[in-house]
Amino acid sequence: MVTVDAVWAALHEVPDPEIPVVSLVELGVVRNVAVDGDAVRVEFTPTFLGCPALTYMQAAMEEKLRSLGAEPQVAVVTDDSWSTDRITPEGREKLRAAGFAPPTPRAAGPPSLVHLQSRVHRCPYCGSTETRLDNIFGPTPCRSLRYCETCRQPFEQFKTV
């Protein structure tokens, strides 16, 4: 019989298709798991609704659950949008270690334009805050391009969503 813990452990092994150093669980897109015998229902919210990897993520989770002997039902939930606050601490560290600057956690209160501020974002290579925004439009809608003045490395910064 499949357990909730076994399902979560299996989903922890499903990498994000764009940034495979983090799992879908660490990215925070998996919202809920329910097990009823061999039937497993997984609810997830993609990072954005127009995500071209949506079908791939569903199929990868279904395949992983079938390997457990489960009958998967993977549902996209759109009643609440995904937020970078859902990325786990482990996921943030894995992003940093892979050369991506993790998104800045949001503080309580009104939103601010963190991406346009200087000395807020740390370089994932040297840790310096002497970075600048080169282009707010990165390779995907959730990332921008920054440059470190200290180690002279370009890097991708996850936008705080």
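Author: Gladly. Let's begin with a term: a residue is called buried when its relative accessible area is under 20%, and exposed when that value is over 50%. Please keep in mind that this is a predicted model.

Reader: What share of the 161 residues in the protein is buried?

Author: Buried residues make up 40% of them. As for the surface, the protein exposes about 8600 Å², with carbon and sulfur atoms supplying 54% of that area.

Reader: How many helices and strands are there?

Author: The protein has 4 helices and 7 strands. Reading from the N terminus, the order of elements is α-α-β-β-α-β-α-β-β-β-β. Of the contacts with a separation of 6 or more, 51% involve residues 24 or more positions apart. The C-alpha trace spans about 55 × 30 × 25 Å along its principal axes.

Reader: Now a single helix, please. How should I think about its faces?

Author: Here is the general idea: an α-helix has 3.6 residues a turn, so residues three or four places apart point the same way. Helix H4, residues 89-97, is our case, and its buried residues are Gly91, Arg92 and Leu95. Viewed down the axis of H4, these buried residues fall within an arc of 100°, so they line one face of the helix.

Reader: Which exposed residues sit on the face of H4 turned away from its buried side?

Author: That face carries Pro89 and Ala97. On the buried side, the packing partners of H4 are helix H2 (24-27), strand S4 (100-101) and strand S7 (154-158). Just after H4, look at Gly99, which takes a positive phi of about 95°.

Reader: Is Phe100 buried or exposed?

Author: Phe100 counts as buried, because its relative accessibility is 15% and the cut-off is under 20%. Phe158 is buried too, with a relative accessible area of 3%.

Reader: And where is Ser23 found?

Author: Ser23 is in the loop between helix H1 (4-11) and H2. Ser23 is buried, at 3% relative accessible area. Leaving aside residues up to four places away in sequence, Ser23 touches Leu11, His12, Val14, Pro15 and Asp16.

Definitions and conventions
Residues numbered from 1 in each chain as written. Predicted model: local features only at pLDDT ≥ 70, side-chain atom pairs only at ≥ 80, totals over all residues. Heavy atoms only, no water. Buried < 20%, exposed > 50% of the residue type's maximum accessible area, 1.4 Å probe, protein only. Helix = DSSP H or I, 4+ residues; strand = E, 2+ residues; numbered from the N terminus. Arc of directions from axis to C-beta. Contact = heavy atoms within 4.5 Å. Areas by Shrake-Rupley, 256 points an atom, 1.4 Å probe, with all protein chains shown as cover.
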